[in-house]
Structures are given as structure tokens and as C-alpha cells.
Amino acid sequence: MKNDLYKAFDDAMIRILKKHGNAMIFMGGFPKAFEPANFMRFFHDRVFNFGLAEAGLVASAAGSTVRGKLPFVLGGASFLTGKAWEQIKDMVCVPNFNVKIIGFGSGLSAGQGGAGMHSTSDISLMRNIPNMKVFCPADYYQAIRVFDSITEDFGPCYVRLFDGEVENIFDEKYGLKAVDRVREGDEVAILSHGRLFSECLLAVEELEREGKKCGLYNFPIVKPLDKKIILEILGKYKKVFVVEDHGVGGLYSAVSEILAGMEGAHAVLKKIGIDEKFMESAREEELYKKYGLDKEGILKEIGG
Amino acid sequence: MTIEELKKKAAKIRLECLDMTSKAGYGYTGSMMSVADILVALYYGDLGRQKIMNFDPRKPQWDGQDYLVLSKGHSVAVLYAILADLEFFDRRELSFFGQVGSVLTTRPNPKVPGVFFSGVSHGNGLSFAVGTALALKADRKTNKVFAVLGDGELQEGQVWEAAMAAGNFRLNNLIAFIDNNKVQADGLVSAAMDVYPIQDKFEAFGWNVIQVTDGHNFEQILDAAERAFTSNRRPVCIWCHTVCGKGIEFAEGKISYQSVSLSENELLAAGEKLKENL
């Protein structure tokens, strides 16, 4: 069954707003303009729409924490993390306020919107701020658990949500972990998160049909990374690929930082992602295809 | 407090923050002096039985308190001096202002009892105050939120995002003071980027504006606050004309004193005059 992450946000928020009287939503728009979320209908006294004003939106959410509020800030990933980066750093992370930043339309979701709307630097922008945690859910159920987890956990965080429906990978019994060991392999492993994880899974399944065992690990939490598991993976495999719809500073960079200090034999680390370039304005699937970010592209790169 | 007592308190606070910033070798003398009377009026002023701002130094998290956001955070030494005087924390801490390991950072630090706002960059404070005011509305509380902004700060686009939001949400629990001292770090505000007309701008965003022609006159400031408290369904902007460096004869109105602390000799000279008002 297919589902999208915005429905996960809506479903989770209905429960969270009901359970936590201090939860509020500061909105800079909702991705489905013609299909208003349920939380907007049922909790309108705790949902405030700031329109197109990301900087003020984040700063106001920070201001609500003075009264013990638990604000969720919802806005476009590229605008929140770009335009309001200073507010996220100075007003949320420096004082360590309990503000949850939820960015929609991550990666190449904006497709034909073009380079200005593509969000391929957001992980990097958020990852380099002290106190900030970064979550990149890959399907509906994982997103639900991420929202539950950040509600219980105190402190700033960024959740990266992509557009469009993907096949459910996990189920309702899923429990959030730093790393999901989806497949153990022999010589090659793939590390991924978010939108491209389902493409990686398709690629690994294809290899399995050919009798090849490829490791596959999902990272719903990109920061903080579980260093022990990364070291274990880098020590176990000959080749490790990081697959992500992100440019410099994402999971690949984070794993590289650990690899750089690693002693002894370790894997060769490669990236299947976005180089330092701006993508053209085209449909998401076409961009994935052109830049080798779909199942076929991944298989080609890892030598399947 | 009577007007005379407020004047004495303002002289004491001026002395204290000049001393702190001079010792630290870091401070914004002109800006601190222009906002000092506004902050003293907020913390010590009353309208007969009603205090301007409700707070309890023994309970910095008290649910019934009002909130102050010093958006022109570079003047924070004035706020710290007031909070120490009110015994939010030990006065001896003031001598560590801007030093390694001190909680008294040179921009507002919410780790300091009585400070709620983390003010690093200009233009953020009014948005922050909007968020606090909205949270109070969501709780159906009548506590007030005061924001104090500089005039140069009005050049920041985010101030107008916040002004629009406050007007849109009809935040009549929000009162913003503008410390219009006409000077910013690199010269005259009007030379850098003109911010006038202040009144028309705020009114266009749905605010009531009250003009205080002398932002160092306590009667005028208290009168403006009283009128602000009766505002109906609108946020209020109290636009105060002030003088950069007010209270230090040789620094008044001088751009060169806007963003520096006083030398030891200057501190002595300023101190002699201020002590006459104690």
C-alpha cells in the first residue's frame, strides 16, 4: 500500500495535539493546498498560519516556548532551512528551545519548480548547528514514529519530508531506531534515508533475484549518527555506497567524517547523490533518471 | 515609585551599566543611555495600584508575569543592571559581564534569571514577542508582552513580518517600544536607510501608535503605557523619541559614542555628574 508523509504528519499531529495541550503548529503553508489537513480543522485555536514569512515564523515559534509550548513549525524545506537558517540557529539552537522544524518538499520533490525550490542543502544546513537533530523518514510508518519520538524528546530538531506517495516499507509495529538493518550483505552495502531509500530497496531486491547479497541500512536519524554502527559497517564491507537526494554535507559527508578518523582496514566509500550543481527545472522522476538516482541508476553504479 | 524616585533609579542603573561595560571594554554606550529610561519605567513604574510590568524576582517562571523582549540586544547591560538591582541574581555577577565563563553574555541570554529571549541578531525580537503573545492567547491569559526595539533595527525586513502577524492576529497583549535615538552603529539612521514614517507604517499593519516626544520623561512614558493598556483588539507601538548617550553630557547625540564603552577617565567624568542625581 502506498502512502505519503504529509498524511503521516497530519495523522500524528491529530494524536499529538490531543494528547499534549501545549503542542502548537506554526505554519508557513501546507503542501496540499486544496486538501486542508485535519489538524487545521480540529485544532484551529492552536494552529497559526503565518503565510509566506519563514524568518518570522521560526522566531515566533521560539517565542512560544517561553510559555512552555511545544511548537511544530511547518514550511517548505528549502525556505525554512535557507531563509530562516539564522533564526533556527540564533533563536532555537543557541538557547536550545524545544522547537520542531518540519520541512516539506525535500530533495528534488519540487521538480519543475527548479533549483531555487529544490532542497538539496537542507541536511547540511541543519546538521552543522549544535543542539540540532536531523530526521529523514523513508515511509509513512517511519515518519509517524519520528513525530512521536521528537514529541517526547526535548530540544530542537529538523524533520525532512518528501513529496509524493511511496510504498510502505515498515508497518505499524515499527519502532524507531538509529539504524534499520534491512539486509546484511557480503561485500557491498548501501546506506540511505528518506525518498531514495525505497529505490535502494528495489535495487537490492533485484540483486537478490540474481543471487547477490547486498547490505542495506536505513538511517532515519542522520544526526546524531550512531558512530559505532558506522564503524562496524565500514569495517565489514569492501564497498559502501551512500545514496541520498542531497548535495554536499548530507549523510555521505557525515559518514566520511567518521571514516576520516578510522584506523585499520575499511571500505571504500562512494556517493550516489547530487554533485555540486544546480538541477534543471524538470519532473522529479526525470531528474532521478537523468542523475542516476533511481533503481536502475543505483544498480549501474554499484555494478549490479 | 514617584517620578523623582524613578529618576534616581535611572541614574543608578546608568552608573551600573556604564561601569560594567567599561570594565568589559565592550558596550554600546549611546544605545544603552537612550533606552535606560524606557526600561526603568517598565520595571519600576506603576500607574497608582497597577504595576506597568508584573514579575517576581523570586519566581522567574511565575505564570502570571509579563514578558520583556529586549530586541535591541546590544543594550543588554541595562537590563542586567536592572535585574540585578531587583535581585533576580546576585549583583556581584555584573562584574563578569562579557567575560569567559560568565552567564552575562553581551547579548540577551535566556539562562539569566528574568531573561527569556535569545537576542543575537537584530530584527528577531518582535517576532519572538509575537510568538509569546500568541501562546498567551492560546492559553486565554491576559499577561502582556513588551518588546523594545531600536530604530536602526526597523531596517530589518523581519520586523515588518512580525508587525503584519501581530496586526493579523490582533495581539492586543503586545506592546512594542521604539527607542528612536536616530543613531546606529555606522552613523545616522536616516543616512544609512531611512525608517520613517514610523507611525504610518505601524498603523498600516493594524497597530495603534502612541508617540512619546521625550522618551526620557517618565510622566510621558507612563502616560503612554496607560493609554496602551486600554487598546482594543490591536497591538500598540509606543514610539519614543530619545537621545543617544542621554545622561552623559559629552556623549549626548554623538555618533562616536553609539557603539563603544567608556574609557576609565570618561567613566569617572560621567559618574560624577550622574551621582548628583542619586
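## Contacts, core and a kinked helix

Leaving aside its neighbours within four places in sequence, Val73(A) is in contact (C-beta atoms, placed from the backbone, within 7 Å) with Phe26(A), Leu57(A), Val58(A), Ala61(A), Leu80(A), Val99(A), Lys100(A), Ile101(A) and Ile102(A). The model is predicted, so local features need pLDDT of at least 70 and side-chain atom pairs count only at pLDDT 80 or more, while totals for chains, interfaces and linings use all residues. Residues are numbered from 1 along each chain as its sequence is written, and chains are lettered from A and ligands numbered from 1 in the order in which they are written.

Val73(A) is also one of the residues that touch the most other members of the largest nonpolar core, which has 192 residues. Such a core is a set of buried Ala, Val, Leu, Ile, Met, Phe, Trp, Tyr and Cys residues joined through C-beta atoms within 7 Å, where buried requires 20 or more other C-beta atoms within 10 Å of a residue's own. Helix 2 of chain B gives the most to this core, with 11 residues; helices are DSSP runs (H or I, at least four residues), numbered from the N terminus.

| Feature of helix 2 of chain B | Value |
|---|---|
| Residues 29-44 | 16 residues |
| Reach, first C-alpha to last | 22 Å |
| Kink centred on Ala36(B) | about 40° |

The bend at a residue is the angle between axes fitted to the seven residues ending there and the seven starting there. Because 16 of the 16 residues of helix 2 of chain B are buried, this helix is largely enclosed by the rest of the structure.

Between the chains, 23 residues of chain A are in contact with 22 residues of chain B, and helix 3 of chain A gives the most to the chain A side, with 8 residues.

Terms used:
Helices (H or I, at least four residues) and strands (E, at least two) are DSSP runs, numbered from the N terminus. The expected span of a helix is 1.5 Å times one less than its number of residues. A residue is buried if 20 or more other C-beta atoms lie within 10 Å of its own, exposed if 12 or fewer, and partly exposed in between; C-beta atoms are placed from the backbone. Two residues are in contact if their C-beta atoms, placed from the backbone, lie within 7 Å.
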